[in-house]
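Please find below a colleague's note for a reader who is new to this structure. The points move from charged pairs to the nonpolar core and then to aromatic rings.

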Amino acid sequence: MVTTKQTPAGPPPPTGRRRRLRRSGALTPDHKMSARTSPATPTAEPEQQADAPAASGPPQPLTPDQAFDALYAFCAPALVRQTYLLSGRRELAREAVERAFQLAWQRWPEVAQDRDPAGWVRAVAYDCALSPWHRFRPRYRSPEPPPADPAARELLHALLTLPPSYRRTLVLYDGVGLDLPETAAETEASTPAAATRLTHAREAVAAWVPELADPAELHRRLLVLASAERLSAPRPPTVRTGCERRNVFWTRAAIAFTVTIIGATALTLRTAPTRYEAPVAPAQAVHGVPPPAGLGPLSQEEQALRTKLHRSEASGPERLAPDTR
């Protein structure tokens, strides 16, 4: 029985070369996957693979926990530095990345089958870091200490003066190294709109720091600024445990709220009246009514009045009366 072995694809090419290879169509699918996401299974060295027995069988697939941990170890450190460039806050950068991976673990079947899991997590982390609701949180109202290096401080100030969409486009293209169509797709804009944002963002940064008019120098300074800060992400088990605890908490809260609504509805149906009952007015004393007179003989005036009434009734106008005939 003859078995064939696949040779490993090797490490991915650098960002600039990868961009040229992608344009020429020479970038293999293996390079694309390894450049964007962590490998699904650990690969051995070529010498070790040559010495391995041929009948060892295919590699065992990773469990969801192992696949998530591999993606987290591959993307989290870089994502924390990128979100710091977007927000200018160290704690917010760590929180945004942790929240993005918690959502990824919550929707792991969808993320695991995505064509670009790293891009999925990056988009969520960027959205969380650029959310305008952070300004209403007390912990993020006061500014954080700027970087110690004057050049890094000037570059960060120039980035934070940009609109969020321009800042995101600049970080994706000049910081991460995405192509213009990929940057446009991740920022949910057309390619001409992304190119316009990138041009205006570069011009605004160059106005603050003239030596950053060169894109290569801007890319280098962005990497230096992101690497200068000591930003660490929590460990993968901590993220997974926090996500599971959050899910359990909200599930129990939803169950408790539903039970409360059902109990209140049942109590209302039990105690509500089945028919309308008019309210009884409270008793009040009536004043000014003469007391009823006692029965007795009529006086002369009353007798005269009765006689007058009898006569007027007999000689009054004709009335309709049934004919007894």
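**Notes on side-chain pairing and packing**

1. Eight salt bridges are counted here, where a salt bridge is a side-chain nitrogen of Lys or Arg within 4 Å of a carboxyl oxygen of Asp or Glu. The model is a predicted one, in which local features need pLDDT of at least 70 and side-chain atom pairs count only at pLDDT 80 or more, while totals for chains, interfaces and linings use all residues. Residues are numbered from 1 along each chain as its sequence is written, and side-chain values use heavy atoms, with hydrogens and water left out.

2. One of these salt bridges joins arginine 122 to glutamate 186, with the closest N and O atoms 2.8 Å apart. The pair links distant parts of the chain, since arginine 122 belongs to helix α7 (residues 117-129) and glutamate 186 to helix α10 (residues 180-186), 64 residues apart; helices (H or I, at least four residues) are DSSP runs, numbered from the N terminus. Arginine 122 is buried at 9% relative accessibility, and glutamate 186 is buried at 16%, where buried means under 20% relative accessible area, exposed over 50%, and partly exposed in between, with a 1.4 Å probe and protein chains only.

3. A salt bridge also forms between the side chains of arginine 168 and aspartate 127, at 2.6 Å from N to O. Here too distant parts of the chain are linked, with arginine 168 in helix α9 (residues 164-176) and aspartate 127 in helix α7, 41 residues apart. Arginine 168 is buried, with a relative accessible area of 10%, whereas aspartate 127 is partly exposed at 45%.

4. Glutamate 211 and arginine 221 form another salt bridge, their closest N and O atoms being 3.9 Å apart. Glutamate 211 lies in the loop between α11 (191-208) and α12 (215-228), and arginine 221 lies in helix α12, so the pair ties together parts that are 10 residues apart in sequence. Glutamate 211 is partly exposed at 46% relative accessibility, but arginine 221 is buried at 12%.

5. Turning to the nonpolar side chains, the largest nonpolar core has 48 residues, and those with the most contacts inside it are Phe101, Val121, Leu155, Leu159, Leu170 and Val205. Such a core is a set of buried Ala, Val, Leu, Ile, Met, Phe, Trp, Tyr and Cys residues joined through side-chain atoms within 4.5 Å. Helix α4 (residues 64-87) gives the most to this core, with 10 residues. Leaving aside neighbours within four places in sequence, valine 121 is in contact (heavy atoms within 4.5 Å) with Leu71, Leu79, Ala100, Phe101 and Ala104.

6. The structure holds eight aromatic pairs, which are rings of Phe, Tyr and Trp (its six-membered ring) with centres within 6.5 Å, counted as stacked when the planes are under 30 degrees apart, edge-to-face when over 60, and tilted otherwise. Phenylalanine 68 and phenylalanine 101 form an edge-to-face pair, at 5.9 Å centre to centre and 85 degrees between the planes. Phenylalanine 68 lies in helix α4 and phenylalanine 101 in helix α5 (residues 90-106), so the pair ties together parts that are 33 residues apart in sequence. Phenylalanine 68 is buried at 0% relative accessible area, and phenylalanine 101 is buried at 0% relative accessibility.

7. One aromatic cluster is formed by Phe68, Tyr72, Phe101, Trp105 and Trp108.

Note on methods
Helix = DSSP H or I, 4+ residues; strand = E, 2+ residues; numbered from the N terminus.
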